[in-house]
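User: I am new to this structure and would like to learn how to read its features one at a time. Could you take me through them, giving the general idea before each case?

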Amino acid sequence: MSDAVILYGWEALPRDSSIVLDGKKNIKDPQPQNVASIKLPDSTLAASVLEYAQKELSTETFNHSMRVYYYGKAIHLQQFPGWQFTDETYLLACLLHDIGTTDKNISATRMSFEYYGGILALDLLSKELHAPIEQAESVAEAVFRHQDIGETGKITTIGQLLQLATIFDNMGGHKDLVHHDTIKDVTTHYPRNKWSSCFAATIRKENGLKPWAHTTALGDEDFPNGVLNNQLMQPYD
């Protein structure tokens, strides 16, 4: 594989998470892993995007984005240690995956929030922060497709991990991939602050403004109701 494929998570994986998991609930039983044990990239690029995300996102969405990073890294380290990408690239995808949901951005376009968010991410990384184009495009691809759940075709490594981690935080899906003690520690550092009701409201806002939105593919009512009925995260909301 080329350096870009390895560094920026471009390897093709099945889009169907059940195939990735070999039809099992997990590859191995998860072990407790706390925030302190997972390195947060501190490069100039990572710091710039972290600052941008803190400025642009609501506290609730920023905390969600950070939880997605730490849950995703726990999944990566314990379930799929062979997946190759830089932590910096995954962090950028986590921080930018919901940039299209801000009040400013959701009403700035008729495009679905993931697609507009992917464009914003690509422009920020490639034009303003001068990230390598292969890295910027990997992040944008993951943002575009982080709600592209399905059983056919392929997705990038970064994209699959972002899907697994967002579904885990948003709906309690794949609940056996991360240890309960990890959830407790991550939510202590990055509280949910009633994230379930917050995100469900965002889904309904997007679908109300844009009845054609890609989010509707997950079910006009099934998706927001699934978020509201997140039993795994209910004790932490």
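Analyst: Let us begin with exposure, where a residue is called buried under 20% relative accessible area, exposed over 50%, and partly exposed in between. Please keep in mind throughout that this is a predicted model.

User: With those cut-offs, is glutamate 141 buried or partly exposed?

Analyst: Glutamate 141 has a relative accessibility of 25%, and therefore counts as partly exposed.

User: Which residue forms a salt bridge with glutamate 141?

Analyst: The general idea is that side chains of opposite charge can pair when their charged atoms come close. Here the partner of glutamate 141 is arginine 145, with 3.8 Å between the closest N and O atoms. The two are 4 residues apart in helix H8, so about one helical turn separates them.

User: Which residues are linked with Glu141 and Arg145 in a network of salt bridges?

Analyst: The network also takes in Arg15 and Asp148. The side chains of arginine 15 and aspartate 148 meet in a salt bridge at 3.0 Å, N to O. Arginine 15 sits in the loop between strand S1 (12-14) and helix H2 (17-20), while aspartate 148 sits in the loop between H8 and strand S2 (154-156), so this pair ties together parts that are 133 residues apart in sequence. Both arginine 15 and aspartate 148 are buried.

User: How many salt bridges are found in the whole structure, and which residue pairs with lysine 73?

Analyst: A search of the whole structure finds 14, and one of them joins lysine 73 to aspartate 87, with the closest N and O atoms 2.7 Å apart. Because lysine 73 lies in helix H4 and aspartate 87 in helix H5, the pair ties together parts that are 14 residues apart in sequence. Lysine 73 counts as buried at 3% relative accessibility, whereas aspartate 87, at 23%, counts as partly exposed.

User: How should I read the length of H4, and how many of its residues are buried?

Analyst: One compares an expected span with the distance between the end C-alpha atoms: at 1.5 Å a residue, the 21 residues of H4 should span 30 Å, and the ends are 29 Å apart, which agrees. As for cover, 18 of the 21 residues of H4 are buried. For H8, the 13 residues should span 18 Å, and its end C-alpha atoms are 18 Å apart, again in agreement.

User: What covers the buried residues of H8?

Analyst: The buried residues of H8 include Val139, Ala142 and Val143, and their cover includes helix H1 (3-8), H3, H5, H7, S2 and H9.

User: How many residues are in the largest nonpolar core, and which have the most contacts inside it?

Analyst: The largest nonpolar core has 49 residues, and those with the most contacts inside it are Tyr70, Trp83, Tyr90, Leu125 and Val139. Among the helices that each supply at least two residues of this core are H4 (59-79), H7 (113-128) and H8 (133-145). A second, separate core has 6 residues, including Trp195 and Phe223.

User: Which residues form a nonpolar patch on the surface?

Analyst: Met111, Tyr115 and Ile119 form such a patch, with about 220 Å² of accessible area together. Of these, isoleucine 119 is found in helix H7.

Technical notes. Residues numbered from 1 in each chain as written. Predicted model: local features only at pLDDT ≥ 70, side-chain atom pairs only at ≥ 80, totals over all residues. Heavy atoms only, no water. Core = buried A, V, L, I, M, F, W, Y, C linked by side-chain atoms within 4.5 Å. Buried < 20%, exposed > 50% of the residue type's maximum accessible area, 1.4 Å probe, protein only. Expected span 1.5 Å × (residues − 1). Patch = residues over 30% accessible without salt bridge, like charges linked within 9 Å, V, L, I, M, F, W, Y side chains within 5 Å. Areas by Shrake-Rupley, 256 points an atom, 1.4 Å probe, with all protein chains shown as cover. Salt bridge = Lys/Arg side-chain N within 4 Å of Asp/Glu carboxyl O. Contact = heavy atoms within 4.5 Å.
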